[in-house]
Amino acid sequence: MVAFYNKVGSAALANWTQGNNNQIAYGRGNVGYVIINNDGAAWKKTFTTGLPDGKYCDVYSGKKSGTTCTGKTVTVAGGKLSNYSVPGRTAVAIHTGAKL
């Protein structure tokens, strides 16, 4: 998550969304996007990230290692994570520095 912070820096808050009181998601400019689900159930929806299309390494679950990811990979299409499900009590964090 330090790499996420270092990459997004002071980029403006963007694309804020909230599910219930335990679920938030937001972007930092067009550089990074994070989803936090502290609810016991999965949170499934289409998230508008504002990020360029492509595959990203989820830096919450792993790290980019060359052209691969030690954790989950996430695909952004049309600037969105379509019909994406985040399991309960976990998070997803992607940024342009972790694009595969």
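**A chat about strands, cores and rings**

Visitor: Which does Arg 89 count as, buried or exposed?
Guide: Arg 89 counts as exposed, because its relative accessibility is 56%, where buried means under 20% relative accessible area, exposed over 50%, and partly exposed in between, with a 1.4 Å probe and protein chains only. The model is predicted, so local features need pLDDT of at least 70 and side-chain atom pairs count only at pLDDT 80 or more, while totals for chains, interfaces and linings use all residues. Residues are numbered from 1 along each chain as its sequence is written, and side-chain values use heavy atoms, with hydrogens and water left out.

Visitor: And where does Arg 89 lie?
Guide: Arg 89 is in the loop between β9 and β10, strands being DSSP runs (E, at least two residues) numbered from the N terminus. Its phi is near 60 degrees, a positive value in a residue other than glycine.

Visitor: What about phi of Asn 15?
Guide: Asn 15 also has a positive phi, near 50 degrees, and is likewise not a glycine. Asn 15 belongs to strand β1, and at 33% relative accessibility it counts as partly exposed.

Visitor: In what order do the four strands of the open sheet come?
Guide: The order is β1-β2-β3-β10, with antiparallel pairing, where two strands pair if DSSP finds at least two bridges between them. The edge strands, each pairing on one side only, are β1 (13-18) and β10 (90-95).

Visitor: How many bridges are there between β1 and β2?
Guide: Four bridges join β1 to β2 (residues 23-28), in the antiparallel sense, and Thr 17 stands opposite Ala 25 in β2.

Visitor: Which aromatic pair is stacked, and at what distance?
Guide: Trp 16 and Tyr 26 are stacked, with 6.0 Å centre to centre and 20 degrees between the planes. Rings of Phe, Tyr and Trp (its six-membered ring) pair if their centres lie within 6.5 Å, with planes under 30 degrees apart counted as stacked, over 60 as edge-to-face and the rest as tilted. Trp 16 lies in β1 and Tyr 26 in β2, so the pair ties together parts that are 10 residues apart in sequence, and Trp 16 counts as partly exposed because its relative accessibility is 48%.

Visitor: Which residues do ring pairs link into a cluster?
Guide: The cluster joins Tyr 33, Trp 43 and Phe 47. Lys 45 lies over the face of Phe 47, at 5.8 Å from the ring centre; a charge sits over a ring if NZ of Lys or CZ of Arg is within 6 Å of the ring centre and within 35 degrees of the ring normal.

Visitor: What else is Phe 47 in contact with?
Guide: Leaving aside neighbours within four places in sequence, its contacts (heavy atoms within 4.5 Å) include Thr 17, Ala 25, Gly 79 and Lys 80.

Visitor: Switching topic, how many residues has the largest nonpolar core?
Guide: It has 14 residues, and among those with the most contacts inside it are Phe 47, Leu 81, Val 92 and Ile 94; a nonpolar core is a set of buried Ala, Val, Leu, Ile, Met, Phe, Trp, Tyr and Cys residues joined through side-chain atoms within 4.5 Å. The elements that give two or more residues to this core are β3 (32-37), β4 (43-48), β8 (73-76), β9 (80-86) and β10, and β9 contributes the largest share, three residues.
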